[in-house]
Amino acid sequence: MGKVEYNCQAREALKKLIEGNKKYVESSKASIDIDKEALLKNYKDRQAPYAIIVTCSDSRVIPEAIFSAELGDLFVIRVDGNVIDSHQLESIVYAEEHFGTGLVVVLGHTHCSAIDAVVSGHSHEYTEYIATDIKKAIGSEKDEYKACIMNVMHCCDVVESSLMIQQDERESGLNVVGAVYDLETGEVEFI
Ligand SMILES: [Zn+2]
């Protein structure tokens, strides 16, 4: 985290996400409008998402709504606990290489059942893979919010230390940032 200077495209994308979240929090409703015209336009045009969002599968976390984004704006990768493995990494590289997307956001959220399961010792509720990854990230931390941040930071480190991503960073300046979405307020805190 923070080892790489934000490139221009990533800085612009981050600004859009921060402003989009502010708009969402202030209006308290999603602005995304998907009509037939929008579908057709996005189908015909080449997609050009400005950010890659790796987030939890939790049904209450809707990236397009949270960031006031439109159809085609975000390349979203979802898995419970927003853990990172080779499938997620390959998807990130794909988006960067094919669409020129320069910003990756690992977006955790409060009251995450995957984190809670590990914190409360009920990790058997999850498949061993997700719980194992989260345990690696949070150790014996018992505070749910701190554990969420630790998991996000760990996931960012995994992305950044991936050889594929390091290569991308050198070639085109792919930037990685962590964030936490608050289920109650709708606010996103960038770490
Ligand atoms: Zn979750």
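Arg60 comes out as partly exposed, at 47% relative accessibility. Its salt-bridge partner is Asp58, with the closest N and O atoms 2.8 Å apart. Asp58 itself is buried, with a relative accessible area of 10%. Keep in mind that this is a predicted model.

How many salt bridges are there by this rule? The count comes to three. Here they are, one per row:

| Salt bridge | Closest N and O atoms | Relative accessibility |
|---|---|---|
| Asp58 with Arg60 | 2.8 Å | Asp58 10%, Arg60 47% |
| Glu26 with Lys22 | 3.4 Å | Glu26 58%, Lys22 52% |
| Lys136 with Asp133 | 4.0 Å | Lys136 57%, Asp133 23% |

Take the Glu26 pair next. Glu26 and Lys22 both sit in helix H1, which covers residues 8–27, and they are four residues apart, or about one turn of the helix. Glu26 counts as exposed at 58% relative accessibility, and Lys22 counts as exposed too, at 52%.

Lys136 is exposed at 57% relative accessibility, whereas Asp133 is partly exposed at 23%. The closest N and O atoms of this pair are 4.0 Å apart, and the cut-off for a salt bridge is within 4 Å.

Now for the metal. Which protein atoms are donors of the zinc ion? They are SG of Cys56, NE2 of His109 and SG of Cys112, lying 2.1 to 2.3 Å from the ion. Along the chain, the donors follow the spacing C-x52-H-x2-C. Cys56 is in the loop between strand E1 (51–55) and helix H3 (63–66), while Cys112 is in the loop between strand E3 (103–109) and helix H5 (113–119), so this pair ties together parts that are 56 residues apart in sequence. Are the two cysteines, Cys56 and Cys112, buried or exposed? Both are buried.

A patch of negative charge on the surface gathers Asp33, Asp35, Glu37 and Glu70. One of these, Glu37, belongs to helix H2, residues 36–44. Glu37 has a relative accessible area of 64%, so it counts as exposed, the cut-off being over 50%.

Conventions:
Residues numbered from 1 in each chain as written. Predicted model: local features only at pLDDT ≥ 70, side-chain atom pairs only at ≥ 80, totals over all residues. Heavy atoms only, no water. Patch = residues over 30% accessible without salt bridge, like charges linked within 9 Å, V, L, I, M, F, W, Y side chains within 5 Å. Areas by Shrake-Rupley, 256 points an atom, 1.4 Å probe, with all protein chains shown as cover. Salt bridge = Lys/Arg side-chain N within 4 Å of Asp/Glu carboxyl O. Lys, Arg positive; Asp, Glu negative; His and termini not counted. Charge placed at Lys NZ, Arg CZ, Asp CG, Glu CD. Helix = DSSP H or I, 4+ residues; strand = E, 2+ residues; numbered from the N terminus. Buried < 20%, exposed > 50% of the residue type's maximum accessible area, 1.4 Å probe, protein only. Donors = N, O, S within 2.8 Å, 3.2 Å for Na, K, Ca; no water.
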